[in-house]
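Let's take a walk through this structure, one piece at a time. Keep the sequence and the 3D view open as you read.

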Number of protein chains: 2
Amino acid sequence: MTVRYELDASSGHARAGRILTSHGEVPTPAFMPVGTQASVKALSSEEVAGTGARMQIMNTYHLWLRPGPERVAELGGLHGFARWPHAIATDSGGFQAFSLAERTKMSEDGFEFSSHLDGKRMKLTPEEAMRIQGLLGADIAMQLDVCSNGNAALPELVAAVERTTRWAERCLAAQTPGQALFGIVQGGTNVELRLQHAETLAQLPFQGLALGGFSVGEPPELMLGTPEDLLIAIGAGVDLFDCVMPTRNARNGQAFTWHGKVTIKNARYKDDPLPLDPDCGCSACRAGYSRAYLRHLFVAGEILALRMLSEHNLTLYARLMREARAAVLAGTYADFAAERLAVFRNLPDTNELR
Amino acid sequence: MTVRYELDASSGHARAGRILTSHGEVPTPAFMPVGTQASVKALSSEEVAGTGARMQIMNTYHLWLRPGPERVAELGGLHGFARWPHAIATDSGGFQAFSLAERTKMSEDGFEFSSHLDGKRMKLTPEEAMRIQGLLGADIAMQLDVCSNGNAALPELVAAVERTTRWAERCLAAQTPGQALFGIVQGGTNVELRLQHAETLAQLPFQGLALGGFSVGEPPELMLGTPEDLLIAIGAGVDLFDCVMPTRNARNGQAFTWHGKVTIKNARYKDDPLPLDPDCGCSACRAGYSRAYLRHLFVAGEILALRMLSEHNLTLYARLMREARAAVLAGTYADFAAERLAVFRNLPDTNELR
């Protein structure tokens, strides 16, 4: 297996480690920017790496439909295709077959659905998910799983968990040699069921486990992905994260800063000569682009605003991970997290710098 | 005056020179990328400079309406606001008052119109154009001019020319100290009238003359802005160009290359592993991003495609200018232009590299 994990230190449940891949080392805890269609929206590969990120997660469903896994394989796999020399994970495609595709039917065999692009009837089985991800060539693939709605009743959650386990075994049997495979823990927001499922999957020869089925119908206050959420999850022992929040919120004009959130279109930034965050090392903050300029670009519909906010947010997420790792190595994670949480929580959508 | 022109060499009518500004030297012939709203669409200032460009032209009408010239002045003028350390020109705003604004009325005093953003009634006089451009702080301002429709009858063209001359005098009287001012030659596609107007304006104490009133209703085959057009215009003695073509066409998926045009969404590029142009020094071509990847990004609606194509096209325009300048200095412009024109003209929308 070309991917393995080494644990460097623990602090409470929080862990510092490294994921070793044939595309380099990923210090953990780590945040994976989402390169849905083999591109982190608005950013170049060089910029994504410049934020500090060392692993991207890309989307099997989207890349299967377009440009197609055979084509990606011909063009050097995702690493060559997207010119991303660092590690890559791909998701299983199950979430999009469930949420984005049309006329989806699920059976024990897999998903049948119509492509949201051209209506073409497609079938995604555990074996097909392995074949597609093998062609895409990520360092880490994910098993096909059943996402149940976060509000589902217990019998539905249990059925999803059990089918996910059966599909786990089928995926392991079809695993691409040399590619790591993660199992996916389901169970909705039912903690007991989640724990049981994690224990079940931990018995199987996966190289790692992922927590699936979030952001599927829960109320917004239960959706995860803010810096605060990540701090809490690291404290619970999670090593690796992905979420569209830093890049999607950026495109909606929201910046995360070490001093609270900045909603850039707010009139208060019209004349603000400060960079987004004087404490930030992203290229926009370092170059001194003012909030007033970013606001102007955003309001005027200029792409450059989306780029700068995206790069900025990913830079903050990567730095948060580095600082968390340092705190774990120093054995002071609980203090670190409490301090950071106090700052993030006390400064919602405000900026008290001036 | 902080801007002056030095002539280095001539070759036929073609000229090689330098525009010396307090924001650096601009070797000519030069192409100015268009930063309409204080941003060259999709690109950062650093990337624009990386293409080789040393002067941008920005848009008085747009920046007047949003974010407003007083605000730009407060934030360091356009150079500080947009973090562009090189030279900047601003246009007069007349073209947009004529083409983009609503319910425009022109009188001897100036334009009255409704903002296309919020319907607010605005008035742009020669004196106001000077005041706004003075606040924006470009190195070179343009006089307010009257753009007549390219298809207009002679009496209308003559009236536009004569009013433009009267406005030229008013602009000169209101010129901002330290800011260069260019007159604008009108006359539609009537060569005789253009020549007369150029001679008239050349008698006035302008620091340069611009050719205005193109792309106002002529048939597409008479619109200018392709590499071929620029080669011909340089041969006729033009020093400085601006056009949205390289960036707008990029956003529509068209790349200019040294081997012909590439319409990136064409199916022929689906599996093409070559960069856009192996002879190009832009960052996308140097990094080896394939046409297949660019096509995928473009078809998938990813911003990165627009960025890479924009940077690529501007890189070609800047290199064309550098090569033209070298040919003028070598005294071989006619041969150079003929050779380049043959290549550009024989390879329309095709790519014979493979």
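Start with chain A, where the domain assignment gives domain 1 (33-212) and domain 2 (249-342); such bounds come from an automatic or database domain assignment. Before going further, a word on the ground rules: this is a predicted model, in which local features need pLDDT of at least 70, side-chain atom pairs count only at pLDDT 80 or more, and totals for chains, interfaces and linings use all residues. Residues are numbered from 1 along each chain as its sequence is written, while chains are lettered from A and ligands numbered from 1 in the order in which they are written.

Back to the two domains of chain A. Taken over C-alpha atoms, the centres of domain 1 of chain A and domain 2 of chain A are 29 Å apart. The domains do touch: 10 residues of domain 1 of chain A are in contact with 12 residues of domain 2 of chain A, where contact is called if the C-beta atoms of two residues, placed from the backbone, lie within 7 Å. On the side of domain 1 of chain A that touches domain 2 of chain A, there are 5 nonpolar, 3 polar and 2 charged residues. In that count, Ala, Val, Leu, Ile, Met, Phe, Trp, Tyr, Cys and Pro are nonpolar, Asp, Glu, Lys and Arg are charged, and the others, Gly among them, are polar.

Now zoom out to both chains.

Next, some helix packing inside a chain. In chain B, the axes of helix H7 (residues 154-173) and helix H8 (residues 191-202) come within 11 Å and cross at roughly 10°; axes are lines fitted to C-alpha atoms, for helices over the stretch in contact, and angles run from 0 to 180 degrees between N-to-C directions. That makes H7(B) roughly parallel to H8(B). The labels work like this: angles under 35 degrees count as roughly parallel, over 145 as roughly antiparallel, 65 to 115 as roughly perpendicular and the rest as oblique. B:Leu157, B:Val158, B:Val161, B:Thr165 and B:Ala168 in H7(B) meet B:Leu193, B:His197, B:Thr200 and B:Leu201 in H8(B). This contact has 6 nonpolar, 3 polar and no charged residues.

For another pairing, go to chain A, where helix H9 (residues 227-235) and helix H14 (residues 333-346) pack at an angle of about 165°, with their axes 10 Å apart. H9(A) and H14(A) are therefore roughly antiparallel to each other. Among the residues making the contact are A:Pro227 and A:Leu231 of H9(A) and A:Tyr333 and A:Phe344 of H14(A). By class, the contact has 6 nonpolar, 1 polar and 3 charged residues.

Finally, a few backbone details. Most residues other than glycine have a negative phi, and most peptide bonds are trans. The bond from A:Thr28 to A:Pro29 is cis, with omega near 5°, and A:Pro29 sits in the loop between strand S3 (24-28) and strand S4 (30-32) of chain A. A cis peptide bond also joins A:Arg66 and A:Pro67, with omega about 10°. In chain B, B:Ala42 has a positive phi, near 80°, in the loop between strand S5 (34-35) and helix H1 (45-50).

Methods. Helices (H or I, at least four residues) and strands (E, at least two) are DSSP runs, numbered from the N terminus.
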